[in-house]
Amino acid sequence: MNGYHFYWSTVWQSFPLMLAGAWVTIQITFLAFIIGTVIAMPMAVARQKGEGWAYRVSTSWVELARNTPAVFQLFVFYFGLGAFHINIPSYAAVLISVSFNNAGYMTEIFRGGLSAIPRQQMSAARSLGMTSPQSFMHVIFPQMFKVIFLAYITQGIWGMLNSSLGMLVGLQDLTGATQYAQSVSFRTFEFFIVAAGMYYLIAKGLQFSALIAFRLMYRS
Amino acid sequence: MIEIRSVRKTFGPLEVLKGISLDVNKGELLCLIGASGSGKSTLLQCINGLEPIQGGEIIVDGVSVHDPKTNINTLRRKLGIVFQQYNAFPHLTALENVALAPRVVAKRSRSDARALAQKHLDHVGLGAKAGSLPSKLSGGQQQRLAIARALAMEPTYMLFDEVTSALDPELVGEVLETMRLLKAEGMTMVVVTHDISFARESADRVAFLHQGEVCEIGTAAEVIDRPQQPQTQKFLRRERQASLDMLERTVA
Ligand SMILES: Nc1ncnc2c1ncn2[C@@H]1O[C@H](COP(=O)(O)OP(=O)(O)OP(=O)(O)O)[C@@H](O)[C@H]1O
Ligand SMILES: [Mg+2]
């Protein structure tokens, strides 16, 4: 040990600031999770189809989202749109870019799940007079979610970690708030240890509530 | 009445149905028999519009199934279908399996749909299994569940596609029993089957399909006991031999 002393009291002084940042992180994580899911469901169906314009759009989306750095995706929405004189706040830019990234990954997760469901489930649903959307809603998706649940939740948490890039465009999320607090106090270690702990707790909280929802939905 | 008029069906270069014409009259039980690949399943799937057709027309109670102006989802409520692989919805209990379509298609209230579902489960002898998931049911029970699920839409016609073929021999009886019950109640049924003795005893008429065409059609006695066409005679000889072999294996 060459003499680094931990001073935790500075951290506690800035704790309300960090909590406010954590709340922003939770909001973005949750919203990007929902938005990503809503976009990924039809995209996965289109990908499964293997042809048509919807297939091409979703395939391009998936390719871009999964094969370019998340930070680049954020910059495209923040600085890139700015170049066209479309200026959006950092909150929106982070929300859009994390949703974009989530949708890309979730599409592939969902598509994997869809291919595990026998084709006859769709015929059976349609033969009862259900429309195609009704069949997906009540028969296909509930089965798919059961298969892909873990990967799906992991992507939601991955989205939360991605949102920490918001610091680079001035977002006061958990990382942004921590960065600010440590830059005025220089207690870098302490702040980032506490922030990491908070990220961990949020992730575990997300996992836990997802598990409860899963148990309720599937009675298992 | 179901009127099938010169229906042609192709899968790419393969012509599966080569101009089939056939009527199904109200209240009758029509059995479709024929070798594997003769197009029996395809014909059933065409009747309720699960498969598009490339020529001809199918008319159900005056409505053309493949006319783009037809609301196929409304029409399908008249046509129940049961498949060889029961296709129960594995994430739903038996009761929910049956109640789903009445709720989302027929727009019945949740409690109405459940009461209706219970009634139909009772009807096929599964009343006590309402709360079970399909994975906890035997093959025969799952197949009866599939029948109840189709009946809950209160169809005018029931289509059955080799519904006993995937079952262990000792479970076949209970499903056939349910089908006989439906017939006794006057349901109009089209039954694809390899079970010649079921066709002989239950069918009003039997149609023998051969390579995508109706080769021979008539009463069960005519087609099964006194087949006129050499293809029909050959097919029936083979089927009898196959069921004899099966019997021997079961006894041995
Ligand atoms: N989706 C499909 N794509 C391509 N070919 C198909 C498809 N479905 C069926 N076929 C072909 O159409 C022909 C008729 O099939 P069908 O399933 O109707 O026969 P079947 O009389 O029901 O036979 P089985 O007694 O084996 O059930 C077969 O040659 C089959 O390979
Ligand atoms: Mg078949």
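This briefing describes a pair of helices, an annotated region and the surroundings of a ligand. The structure is a predicted model. In chain A, helices α2 and α5 cross at roughly 40°, and UniProt lists a domain over residues 22-212 of that chain. In chain B, residues including B:Ser36 and B:Gly37 are among the closest to ligand 1.

**Two crossing helices in chain A**

- Helix α2 of chain A spans residues 15-49, and helix α5 of chain A spans residues 90-115.
- The axes of these two helices come within 6 Å of each other.
- Their crossing angle is roughly 40°, and α2(A) and α5(A) are therefore oblique to each other.
- The crossing of α2(A) and α5(A) is right-handed.
- Where α2(A) meets α5(A), the contact residues comprise 20 nonpolar, eight polar and three charged.

**The annotated region of chain A**

- An unreviewed UniProt entry gives residues 22-212 of chain A as "domain: ABC transmembrane type-1".
- Over residues 22-212 of chain A, the chain is 84% helix and 0% strand.
- The C-alpha atoms at the ends of this stretch of chain A are 22 Å apart.

**The surroundings of ligand 1**

- Ligand 1 is surrounded by 13 residues, and the closest are B:Ser36, B:Gly37, B:Lys40, B:Ser41 and B:Thr42.
- B:Ser41 places a polar side-chain atom 2.7 Å from an oxygen atom of ligand 1.
- For B:Thr42, a polar side-chain atom lies 2.5 Å from an oxygen atom of ligand 1.
- The side chain of B:Glu162 has an N or O atom 3.1 Å from an oxygen atom of ligand 1.

Methods. Residues numbered from 1 in each chain as written. Chains lettered and ligands numbered in written order. Predicted model: local features only at pLDDT ≥ 70, side-chain atom pairs only at ≥ 80, totals over all residues. Heavy atoms only, no water. Axes fitted to C-alpha atoms, helices over the stretch in contact; angles between N-to-C directions. Helix = DSSP H or I, 4+ residues; strand = E, 2+ residues; numbered from the N terminus. Parallel < 35°, antiparallel > 145°, perpendicular 65-115°, else oblique. Left-handed = near helix turned anticlockwise from the far one by under 90°. Nonpolar A, V, L, I, M, F, W, Y, C, P; charged D, E, K, R; others polar. UniProt positions renumbered as here; feature names shortened; annotations may be inferred. Near = heavy atom within 4 Å. Polar contact = N/O pair within 3.5 Å; in protein donor to acceptor, adjacent residues only side chain to side chain.
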